[in-house]
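Let's take a friendly walk along one part of a protein model. Keep the picture open as you read.

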Amino acid sequence: MLTVGRIAAQTGLSPKAVRLYEANGLIDPPERTPAGYRTYTESALPELHFIRQAQSLGLSLKEIKRILDLQRQGQQPCELVTSLLDEHVAEIDRRIADLRALRETLQTARDRADQAAGRGEAGVICHIIESAPSHSA
């Protein structure tokens with residue numbers, strides 16, 4: 001039997017994370033000692049490793065729970081995983097496009113600041129920001 005501290009150490013998680021996964025239904029509730037301490041079996045280790053690895057891929061706990069629930073129902077969750085990964089890649093692509101647009105806006109503002117400084121322009125507060133093109137992410 002493993003305490004929450006020992007199982008956390010073996011999986012590279014914190015005890016708080018292990019308790020969170022339990023509270024969110026990602027892992028089965030462990031047995032309790034008469035004093036109320038959680039005791040896990042070795043069988044919890046693969047799921048905890050899976051959860052940690054899934055999080056490293058950017059999956060949320062809610063998404064990981066969906067995957068684990070499918071697996072527990074005897075279904076192969078890899079189609080769901082593929083779909084979730086595709087959604088995450090698309091979101092990253094959107095963020096990259098937004099960041100590129102923001103970079104262009106910032107560079108334009110910087111270029112205008114140099115031009116305005118060369119002409120000796122002043123603003124109410126700061127001409128650099130006042131004359132910057134708007135950017136909405």
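**A walk along helix α5**

Helices here are DSSP runs of H or I, at least four residues long, numbered from the N terminus. This is a predicted model, in which local features need pLDDT of at least 70 and side-chain atom pairs count only at pLDDT 80 or more, while totals for chains, interfaces and linings use all residues. Residues are numbered from 1 along each chain as its sequence is written, and side-chain values use heavy atoms, leaving out hydrogens and water.

How far apart are the end C-alpha atoms of α5? They are 61 Å apart, which agrees with the 62 Å that its 42 residues should span at 1.5 Å a residue (the expected span is 1.5 Å times one less than the number of residues).

Now look for what is hidden. The buried residues of α5 are Leu80, Leu84, Thr105, Ala109, Ala113 and Ala116. Buried means under 20% relative accessible area, exposed means over 50%, and partly exposed lies in between, using a 1.4 Å probe and protein chains only. Leu84 counts as buried because its relative accessibility is 1%. Leaving aside residues up to four places away in sequence, Leu84 touches Leu59, Glu63, Arg66 and Ile67, where contact means heavy atoms within 4.5 Å.

Leu102 also has its place in α5, which covers residues 78–119. Is Leu102 buried or partly exposed? Leu102 is partly exposed, because its relative accessible area is 31%.

Note on methods:
Helix = DSSP H or I, 4+ residues; strand = E, 2+ residues; numbered from the N terminus.
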